Amino acid sequence: MPYPKFKVEGEVWFGNREFYSDKITEENDKEVEVKKNFFKKAWKNGKMDNIDSVSLVLQKYIPIIDARVEKTETHRPNNWFSLQQNAIGGDSKKLFFDEIIEKTKNNGVLIKFSKIFEERINTQKDNLKDIGYIVILSNYTLTTSSRLVVGLGGEHVLETSLTLHHIFGIPYIPATAFKGVVRMVSFWEIAQKRNISADKEIEELQKQLYDNEIADSEDEDFLRHKLLFGTQNFKGLLFFLDAYPEIHNNQEIFDVDVMNPHYSKYYTQGEPPAEEPPADWENPNPIVFLTLKKGIPFCFNVLFDEFRAKEILNEYNDSPETKKIPTILNNWFTNLSKLTDLVKEWIKTALEEYGVGAKTRVGYGRFE
C-alpha cells in the first residue's frame with residue numbers, strides 16, 4: 001500500500017497555552033490538503049470556536065505554529081517545508097483567515113452582535129435628540145458592490161489590519177472615515193465649480209475651508225461647507241455616526257484577497273536615489289489580507305445640530321460681518337428636507353463613485 005505523499009507533524013498555540021492543539025499528525029497526497037487538514041484539527045483541538053469575537057481572535061490569538069511538512073516517499077523525515085518559518089505569514093496566515101471565515105458562516109453570534117450594535121446606535125440617536133439634534137438620515141442603507149477593507153494600514157502583527165469593533169468583533173465604518181469621504185465630495189464640488197485643479201490652488205482652497213474662521217467669506221458655498229463640516233476652530237453642524245452592517249442568516253461577510261508587491265527590494269532599500277532599479281527577476285511577495293465581501297448592507301445615520309445652529313443664527317442675525325450665514329441657516333430651518341437631500345446626494349456620490357476605506361483606487365469600498 002503506497003504511503004501518502006505528504007505528512008505534517010506539529011503543534012499550535014493560539015496566543016497561549018490555554019488554547020493549545022496538542023501534537024497533531026496529518027497525511028495526504030496533496031500538500032495543500034495536508035496543511036489545511038492539519039490547521040483545521042489544530043483549530044478544533046485548541047477550542048478556538050469557543051471565542052465568539054473575531055476582533056479578539058485577530059488581536060490576541062494569532063497562531064504560533066511548530067510543525068513541519070515532510071515528503072514521505074523516501075520513508076524518512078525530510079524537512080522540505082516548515083510552517084514554523086511562516087508562523088505569521090505565508091501559508092499559515094491564509095489558513096488562519098480561512099478558519100475565521102469558516103467560523104463566521106451560519107454564526108448566530110455575529111447576527112446577535114449586529115443587532116446589539118444597531119440598538120446602541122438607536123440609543124445614541126435618542127440621546128442626541130434630547131440635547132438638540134435632529135436626525136436627518138436614519139438607517140440609510142447602501143450595499144457593498146465591491147470588497148471593502150477599512151483600516152488595512154493599521155499596525156498589526158499580520159502586516160495588514162481590518163477595522164472591527166473592539167467589543168463586538170463585527171466590521172464597521174468609523175464615523176470619522178464616513179464623514180471624511182462625504183466632506184471630500186463637498187470639497188471637490190466647490191473646486192470643480194471654480195475650475196480649480198492646480199496644486200497651489202487646491203492648497204489655498206483647503207486653507208480657506210479648513211483653517212480660516214467661519215465668517216471670513218461671503219461665498220455661500222464656502223459658508224455652507226464650513227457650517228456643516230466645521231473648521232479648525234468651529235465644530236460642524238453635521239454629526240455622523242458609525243455605520244454598521246446588517247448581517248442576516250446564512251450570510252458570509254468575510255473574504256480573503258491578496259496583493260502581490262513585485263519590487264520589495266527596491267521599495268525597502270531606503271531613501272532615493274535607489275542603489276538598484278526595480279527588476280523583473282525579483283521574486284514577488286504575496287500578502288494575503290482579510291476583507292469584507294460584496295453584498296453586505298450598511299446602515300448610515302446623520303444628525304443635524306439644531307440647538308447650536310439656532311445659537312449661531314442669533315449670533316449673526318445682527319452682525320455686520322456676514323448676512324449670508326442667517327440666510328443659509330433659515331433656509332435649512334424652513335426646508336430641512338432640502339438639507340437632507342443634499343447630504344444624501346453627497347453620501348451616494350462618496351460611496352458609489354469614490355468608495356471608503358483602503359484601495360479605493362482599484363475599486364474597493366464601493367457601494368450601491
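Me: How many cavities of 30 Å³ or more does a search of the whole structure find?
Reply: This is a predicted model. The search covers the whole structure and keeps cavities of 30 Å³ or more. The number found is one.

Me: What is the volume of the largest cavity?
Reply: Its lining includes L148, V149, V150, L162 and T163. P171, Y172, I173, L292 and F298 also line the largest cavity. Its volume is about 40 Å³.

Me: How many residues of the lining of the largest cavity are charged?
Reply: The lining divides by class into nine nonpolar residues and one polar residue. T163 is among the lining residues, and Thr counts as polar. The number of charged residues is none.

Me: How much space lies in the largest pocket?
Reply: This pocket is lined by E220, D221, R224, I328, N331, W332, K338, L339 and L342. By class, that lining has four nonpolar, one polar and four charged residues. The space in the largest pocket is about 260 Å³.

Me: Which helices each supply at least two residues of the lining of the largest pocket?
Reply: E220, D221 and R224 are in the lining, and α7 spans 220-229. I328, N331 and W332 line the pocket too, and α10 spans 324-334. K338, L339 and L342 are also there, and α11 spans 336-354. The helices are α7, α10 and α11.

Me: Where does the largest share of the lining of the second largest pocket come from?
Reply: The second largest pocket has a volume of about 180 Å³. A175, T176, K179, G180 and R183 are among its lining residues, and α5 runs over 175-193. Strand β9 (238-240) also supplies at least two residues. The largest share, five residues, comes from α5.

Me: How many charged residues does the lining of the second largest pocket have?
Reply: K179, R183 and K235 are among the lining residues. Lys and Arg count as charged. The lining also has four nonpolar and three polar residues. The charged residues number three.

Me: Why are α5 and α6 oblique to each other?
Reply: The axes of α5 and α6 (residues 199-211) come within 11 Å. They cross at roughly 120°. Angles of 65 to 115 degrees count as roughly perpendicular and those over 145 as roughly antiparallel, so the remaining class applies. The two helices are therefore oblique.

Me: Which residues of α6 make the contact with α5?
Reply: α5 passes α6 in a right-handed crossing. From α5, the contact uses R183, F187, W188, I190 and A191. By class, the contact has eight nonpolar, one polar and one charged residues. The α6 residues are I202, L205, Q206, L209 and Y210.

Methods:
Residues are numbered from 1 along each chain as its sequence is written. This is a predicted model: local features need pLDDT of at least 70, side-chain atom pairs count only at pLDDT 80 or more; totals for chains, interfaces and linings use all residues. Side-chain values use heavy atoms; hydrogens and water are left out. On a 1 Å grid over the protein atoms alone, a cavity is a set of points where a 1.4 Å probe fits but cannot get out, and a pocket is an open set with protein on both sides within 12 Å along at least five of seven lines; lining residues have an atom within 4 Å of a point. Grid points are joined across faces, edges and corners, and a volume is the space filled by probe spheres set on the points. Helices (H or I, at least four residues) and strands (E, at least two) are DSSP runs, numbered from the N terminus. Axes are lines fitted to C-alpha atoms, for helices over the stretch in contact, and angles run from 0 to 180 degrees between N-to-C directions. Angles under 35 degrees count as roughly parallel, over 145 as roughly antiparallel, 65 to 115 as roughly perpendicular and the rest as oblique. A crossing is left-handed if the near helix is turned anticlockwise from the far one by less than a right angle, and right-handed if clockwise. Contact means heavy atoms within 4.5 Å.
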